[in-house]
Amino acid sequence: MAVAVEMLNISKFFPGVVANDDVSLSVKEGEILGLIGENGAGKSTMMNMLYGMMEPDLGVIKLFGKEVRIQSPTMAIKLGIGMVHQHFMLMPNLSVLQNIILGKAPTKNGLIDTKAAKDKITEIMDTYDLPVKLDEKVYQLSVGEKQRVEIIKALYREAKVLIMDEPTAVLTPTETDKLLDVLRLLKSKGCAIIFITHKLREVMAITDKIVVMRKGLVTGSLDTAEASTEGLSNMMVGRKVNLEIPRKDYNPDENVLEVEAVRALNQRGLPALNGVSFQVARGEVVGIAGVEGNGQTELIEVVSGMLKPTAGQVHFKHQDITAHTVRQRREEGMSHIPEDRLKMGSAANCTIRDNLILNRYYQKPYCNGGILDNKKLHALSEDLCRDFEVKTPDSDYKLGTLSGGNMQKVIFAREMEADPDLLIAAQPTRGVDIGAIESIHHKIIEVRDSGRGVLLVSAELDEILSLSDRILVMYEGEIMAEFKRGEADEKTIAVYMTGAKRQGGDHDEK
Amino acid sequence: MMKNKGNNRILSAAGVVGRQAGLIIIALLLATLFLAVSGYEPLAIINGIIDGLTLDIAGTIRWATPLILAGLAICVTYKAEVFNLGVDGQLYMGAAAATAVAVNIPKSMNQAASLVLIFLAAMAAGALFAMIPALMKVYLNTNEVVSTLLLNFIAALYIEYLVIGPLRDPEAGTNLNASAVLNENTWLPRISFFEPSSANIGFYIAIVVMIILTFVFFRTAFGHEIKIVGANPTLAKYAGMKPKKTILQVMAMSGAIAGIIGAVEVTAVQHRLLAGFNPDFGFDGIVVSLLANNNPIGVLFSGIFFGALKNGGINMERITDVPSAVTDIVTSIIFITISAKFVLPKLKRKLAGKTPANEGGK
Amino acid sequence: MSIAVISDTLASMIRIATPLMLMALGGLLCQRAGVFNIALEGFSLVGAFAAIAVVQYTGGSVWAGLIGAMLIGTIYSALFALFVTKFKADNIIASIAMNTLGAGLTSYLLRAMFGVQGAYSPDQIHKLAMIHIPVIKDIPILNCISGQSIVTYFAIILIVVIYVMLFKTKMGLAICAVGESEVAAKTAGIRPALIKWQVVLISGALSGLAGAYLSTISVSQFSEDMIQGRGFNAFTALVFGNAHPIFSSLVTLMFGFADAIGIRIELVGMNISPSIIKMFPFLFAIVALAISSYTTKLKVKGVIGHKQRKVKE
């Protein structure tokens, strides 16, 4: 089979940063290349250059042996490159059909020929076993369906090279298996696939060869047959990582949080929580597992006071706080690491200090009669930056100048400074590198060991399994199962995550 | 490290000021070109500004007063990422309330007391009128940009209604639509040094408002809330603030400041309510505020600059035949260039390398 | 009210709505493409001036005035397009700047070119004949459609053209896509900047024509304050009409109706101040804006509209 893509000696510089330094990779027709590395390793930059979103400063890109300059996605598409982005590039209010044919619609007499388009797409859907309803609006689709639309979109444009950017990050285990089947089928038909991920198991399962990147450099390039998970992980991180964190024996104290039969609606007014009850005790981490969008977000918002439940109660430290405001709950001892640190947890355009003082700016001694004591606030934020090892010269810099991991440290510092009795941590390690993951995990266990409660929500099952004392599995706004630490493995939990089973009786089919 | 940081700060501040100065120069050059092409004295506008800042400071102060206040009214809301394009309407309502109160004040009343009454009424009217778009935004999710623009017309027509109808001066000629001249005890004093110009102590009021706002923005918990609500309303909600309340508060503040403009124009400049007395101070206020990077202290200086520009244009038209509308063109060019997010590429690279992410205006 | 009066009111509603409709049709394309264009006011003011200037220099040709206004309107809007695309200007600020610049420029040029202030009427103007449609002109009530100017009929045809373009062609799909997500459109091979240029220029041409309609067909002069918020009303109409060509045009007719009724009331001599009557379209616009934002809010919350499907794998 011919070589489809060659990226040779590629370098890309951003102000003050070398994003890619002399990186080379190649993939043949009918081959799957795994491109792995931590966040910020430079994988996405490489693929953005291949897809024409930016151009390399040095180096050559060859397609099927011919040197090319890819200046725009339009050119990339013309050259037969398709990309499925991690964040789907779909228009929620347009139909599936419109999304697929956008930019390449067949026309008759100047008008879009819907029938011709549908015929062509149906053929693709049949060939690759990718069923989707063409007339539905994209916002009505599930995550898995959206991804299918993206793949169809690429195939509709006759892509011979397919870039998959972290395609499994948002999928259930079952959906992941399904996707891998589709990729195998594509491969057998001669498609060249570049598969970006940080999940080593999938890389081992599906790729033919692997390129490992770290800090803009290639740290390994090998055939999958020769690779081992451990070896790859060392290449990715550059050192041995120990995600096993020492912890005190499990010895739960009184309940700090009690959630009783809570129901709530999501932003679109649909039921998101259908009678959820659970408790969190002092000295334990309760982990909530589940595919994203099954009510976890709403659950956290109800507990933290941002969303009013339609039914049920929330008790905190033996007090009914269902009607309490966010501020009251914070003052009563609740802290919250939000799942989206940019959208909810911080203001990137404000200074680090502005972000750090949010719990304190209105309280004595930092504020007297509405007037800020800037000296005390400055001292507070400098102390926090130091204690939580935020890498910055001082806290007057804009938060946006920090890396993802350091931003997360700022949020952690702010929430921990409040000395909470309950810490809600949602996706605490999303988008941060392994070094930061380690320190964040340590902090969470520290909170638990010091006799406070932790409510952990994560889409990463590994994280849930390694940190939680008790694991609750959520599906469609209900708790399907509860396990003690060590009682269940990933596979068992995955079954409950998809709603296929329910503890204490079969799941009644709706 | 500390010293280095200080230098960076100065560098980035200098960058901002330099950029704004560049915009002004570009606008003035373009306007000069305009004048040259249409056969007028090319240097008229530049001379006008220079005269405004040297020979005729009084006229500059007269125009700077409403412009500074309008700039402050804009920057209060802009900090919270709310766009109050309704300053014109709110100042009309302020003027209406000021007049309505003033005509009912007995001649015998003490001047200071009557002025306090008048200004309180004007501020309340401006704030209340600003509550319409604010409440619509908070409760109905209405875009305040469109609603405030529409309300401006309603306010202007309302003034027209007043001066043709209920408040009309019975002794005025048929061509003049205005209220009766107010009693002298309701006049806001002019600055005696500048007599006979209509430069008035409204200028001092503007400075006081500026100082209050600076204090509120940088030294109070409320100021911090405004900043966070503007930067990220979701964060504000998550941190336990009440973004909706903050939006209502800043709109009320903005409307009240706009109301002051109306009261100043009526009690110090016109001494009566005049249909269409407002040459779009509200829109000019946007430029004033943007040129100052929405910083209240900066608003003082950019307000004086635009005051000089406006005054220069008017003087120019009086002495020569150059149309004063050329100053509107200068303002608009500054306006549109400031809306762009571009900096000179070279400067940008330099700043990007040396200082923390440097934001170049909105 | 007699049938003749009703028909007369409806005819004047259509006349008043014509420029609003033209502006709204251009504006809704911008809206669909994600350009917040409240510069319609300024575009049409420039168009109104250009039309009168061209009429003056061509010795009275309204046709030349209309075409000239569209051209000048397009050129003027190119400045807006340049700033919005190339310089990533804040749409709202750039729009307002285009409005103030339009006011400044026309006022300046009025002095520079014609040596007058406030208003100017060309020496000669050959008014266009109104078009009377056979048959329809004799049907009571419906005859309000007859006897309108060519621009009105052009606007009506344009509703259909824009409808088809928006919902049945590649261009229309691209416009909607850019408005929904620029990045996503880019990855599908669309050039968002190009699309934005196109819609802004179209709105410039149509607003220019709207202005020309006001200065050469409604009246025969240019005056500095002649647009009087029509651009903002047109914008409100397209917001209320959900940026849909047919609905938005219907809303402009409602605005026209509010205005026409006001004129009737004035004629009948009811004791209402003309200033209050002039508020009608604005009051109507505020209410329309409130209603449309409220319904959108409900829609987002899923209270009304939006077919929902239970998402299940």
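**Close-up views of a predicted model**

**View 1. A helix lies over the sheet of chain A.** Helix H15 (residues 434–449) of chain A lies across strand E15 (285–289), E21 and E22 of chain A, and runs at about 145° to E22(A). Helices (H or I, at least four residues) and strands (E, at least two) are DSSP runs, numbered from the N terminus. Axes are lines fitted to C-alpha atoms, for helices over the stretch in contact, and angles run from 0 to 180 degrees between N-to-C directions. Two residues are in contact if their C-beta atoms, placed from the backbone, lie within 7 Å. The model is predicted: local features need pLDDT of at least 70, side-chain atom pairs count only at pLDDT 80 or more, and totals for chains, interfaces and linings use all residues. Residues are numbered from 1 along each chain as its sequence is written, while chains are lettered from A and ligands numbered from 1 in the order in which they are written.

**View 2. Six strands of chain A form an open sheet.** Their order is E18-E21-E22-E15-E23-E24, with mixed pairing. Two strands pair if DSSP finds at least two bridges between them. Strand E18 (334–337) and strand E24 (478–484) of chain A are the edges, each pairing on one side only. From one strand to the next, the twist averages 15°. E21 (residues 422–426) and E22 (residues 453–457) of chain A run parallel, joined by five bridges. A:Leu422 stands opposite A:Gly453 in E22(A). Helix H17 (residues 490–497) of chain A lies across E15, strand E23 (470–475) and E24 of chain A, at about 35° to E23(A).

**View 3. Chain B meets chain C.** The contact takes 38 residues from chain B and 41 residues from chain C. On the chain B side, H6(B) gives the most, with 12 residues. This side divides into 25 nonpolar, nine polar and four charged residues. Here Ala, Val, Leu, Ile, Met, Phe, Trp, Tyr, Cys and Pro count as nonpolar, Asp, Glu, Lys and Arg as charged, and the others, Gly among them, as polar.

**View 4. Two helices pack in chain C.** Helix H2 (residues 40–57) and helix H4 (residues 91–114) of chain C pack at an angle of about 20°, with their axes 7 Å apart. That makes H2(C) roughly parallel to H4(C) (angles under 35 degrees count as roughly parallel). The contact includes C:Leu45 and C:Phe49 of H2(C), and C:Leu105 and C:Leu109 of H4(C). Its residues divide into 10 nonpolar, four polar and one charged.

Terms used:
Angles under 35 degrees count as roughly parallel, over 145 as roughly antiparallel, 65 to 115 as roughly perpendicular and the rest as oblique.
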